[in-house]
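Here is a short report on one chain.

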Amino acid sequence: QLQLVESGGGLVQPGGSLRLSCAASGNTLGSYYAIGWFLQAPGKEREGLSCISVSGDVTHYEDSAKGRFTISRDNAKNMAYLQMNSLNPEDTGVYYCAADNWGPVQDMCVQTATLYDYWGQGTQVTVSA
């Protein structure tokens with residue numbers, strides 16, 4: 001069974017940057033797993049920030065993340081990443097990496113949390129002066 005572990009969170013000043021990592025084990029991300037990054041902000045339900053298809057050719061971003069965040073993956077290393085720039089306090093919360101296998105026919109991804117089967121434990125990001 002696929003397992004995911006996030007890392008890279010921490011305390012950062014407004015305007016700063018972080019790169020989150022998602023390490024997979026138990027299976028290979030290249031075996032048709034799309035990847036999504038989600039944010040659980042205080043008092044909010046989990047929302048999709050970005051996703052990337054198996055090949056990496058298809059990506060989507062939530063409006064607040066566009067122009068600031070970049071999702072990427074390295075299937076050979078069984079890793080996925082979320083580069084976050086220009087962080088603000090509204091970016092504070094627990095960040096989760098998720099994966100789902102929708103097969104090789106469609107190279108696509110979605111930002112709906114309930115459609116993902118595999119989740120990491122999350123990594124805390126706090127943006128504060």
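The radius of gyration is taken over C-alpha atoms, and the globule rule is 2.2 Å times the number of residues to the power 0.38. For 129 residues, that rule puts a compact globule near 14 Å; the chain has 14 Å, so the two agree. The model is predicted.

**Overall build**

The chain holds 11 strands and 0 helices. Read from the N terminus, the order of elements is β-β-β-β-β-β-β-β-β-β-β. Along the principal axes, the C-alpha atoms fill a box of roughly 45 × 25 × 25 Å. Of the 129 residues, 43% are buried. The chain exposes about 6,400 Å², and 47% of that area comes from carbon and sulfur atoms. Take the contacts between residues at least 6 apart in sequence: 62% of them join residues at least 24 apart.

**Arg 73**

Where does Arg 73 sit? It belongs to strand β7, which covers residues 69–74. Arg 73 is buried, yet it has no salt bridge. The nearest side chain of opposite charge is that of Asp 107, 6.8 Å away.

Which backbone oxygens does the side chain of Arg 73 reach? Two are listed here.

| Backbone oxygen | Distance from the side chain of Arg 73 |
|---|---|
| Tyr 33 | 2.7 Å |
| Ser 53 | 2.8 Å |

Tyr 33 and Ser 53 are also among the contacts of Arg 73 beyond four places in sequence.

**Glu 45**

Glu 45 lies in the loop between β4 (33–40) and β5 (47–52). Is Glu 45 buried or exposed? Its relative accessibility is 67%, so Glu 45 counts as exposed. Leaving out residues up to four places away in sequence, Glu 45 touches Leu 39 and Gln 40. Asp 57 is 12 residues from Glu 45 along the chain, and their C-alpha atoms are 28 Å apart.

**The two residues together**

Arg 73 is in a strand; Glu 45 is in a loop.

How values were computed: Residues numbered from 1 in each chain as written. Predicted model: local features only at pLDDT ≥ 70, side-chain atom pairs only at ≥ 80, totals over all residues. Heavy atoms only, no water. Helix = DSSP H or I, 4+ residues; strand = E, 2+ residues; numbered from the N terminus. Buried < 20%, exposed > 50% of the residue type's maximum accessible area, 1.4 Å probe, protein only. Lys, Arg positive; Asp, Glu negative; His and termini not counted. Salt bridge = Lys/Arg side-chain N within 4 Å of Asp/Glu carboxyl O. Polar contact = N/O pair within 3.5 Å; in protein donor to acceptor, adjacent residues only side chain to side chain. Contact = heavy atoms within 4.5 Å. Areas by Shrake-Rupley, 256 points an atom, 1.4 Å probe, with all protein chains shown as cover.
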